[in-house]
Amino acid sequence: IAHAVLADPRVPVHRERVRALYRARRDAMDEALRRHMPATCDWHAPAGGMCFWLRLPEGQDARALLARALAEHIAFVPGHAFHASAPAARTLRLSYVTVPPDALGRAVATLARLIDGTATPR
């Protein structure tokens, strides 16, 4: 079955559409992070994949932030879930592939406010 699916001539067209969609959403999230996140946060735009990794300012914990974010209808995965040993409490994973660009911008702005509403954006 997998061979038949991959042999379908529509697969490359679909793949390119999905790549363009993901690229646009990645770029929208990167732009929103640059615009809204405090300079005390760190991240890198992914060359592939579906998520950004964000490092919070010293002293903050992603699990504590998650509770406040959920109250604002924003979800992310705290980074500790991805470490086999010595979990990094300050890290979190932000997925962008299922969220439209305008919603990404609003969510990132709200998340930045929750992280540090008084910080100067980059």
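Author: Start with handedness: a crossing is right-handed if the near helix is turned clockwise from the far one by less than a right angle, and left-handed if anticlockwise. The model here is a predicted one. In this model the crossing of α2 and α4 is right-handed.

Reader: What is the angle between α2 and α4, and how far apart are their axes?

Author: Two packed helices are described by the angle between their axes and the distance between the axes. Here α2 (residues 10–36) and α4 (residues 101–116) pack at about 30°, and their axes are 9 Å apart. Angles under 35 degrees count as roughly parallel, so α2 is roughly parallel to α4.

Reader: Which residues in α2 and α4 meet?

Author: From α2 come Arg-25, Ala-28, Met-29, Ala-32, Leu-33 and His-36; they meet Pro-101, Leu-104, Gly-105, Val-108, Ala-109 and Ala-112 in α4. By class, the contact has nine nonpolar residues, two polar and one charged.

Reader: How much space lies in the largest pocket, and which residues lie nearest its centre?

Author: The largest pocket holds about 210 Å³ of space. Its lining has 14 residues, with Met-29, Ile-74, Ala-75, Ser-95 and Ala-107 nearest the centre. Helix α4 gives the most to this lining, four residues, and β4 (91–95) supplies at least two. The lining divides into ten nonpolar, three polar and one charged.

Reader: What lines the second largest pocket?

Author: Arg-19, Tyr-22, Arg-23, Arg-26, Pro-46, Ala-47, Gly-48, Gly-49 and Tyr-96 line the second largest pocket, which holds about 160 Å³. Four of these lining residues are nonpolar, two polar and three charged.

Notes
Residues numbered from 1 in each chain as written. Predicted model: local features only at pLDDT ≥ 70, side-chain atom pairs only at ≥ 80, totals over all residues. Heavy atoms only, no water. Axes fitted to C-alpha atoms, helices over the stretch in contact; angles between N-to-C directions. Parallel < 35°, antiparallel > 145°, perpendicular 65-115°, else oblique. Contact = heavy atoms within 4.5 Å. Nonpolar A, V, L, I, M, F, W, Y, C, P; charged D, E, K, R; others polar. 1 Å grid on protein atoms, 1.4 Å probe; cavity = no way out; pocket = protein on both sides within 12 Å on 5 of 7 lines; lining within 4 Å. Points joined across faces, edges and corners; volume = space filled by probe spheres on them.
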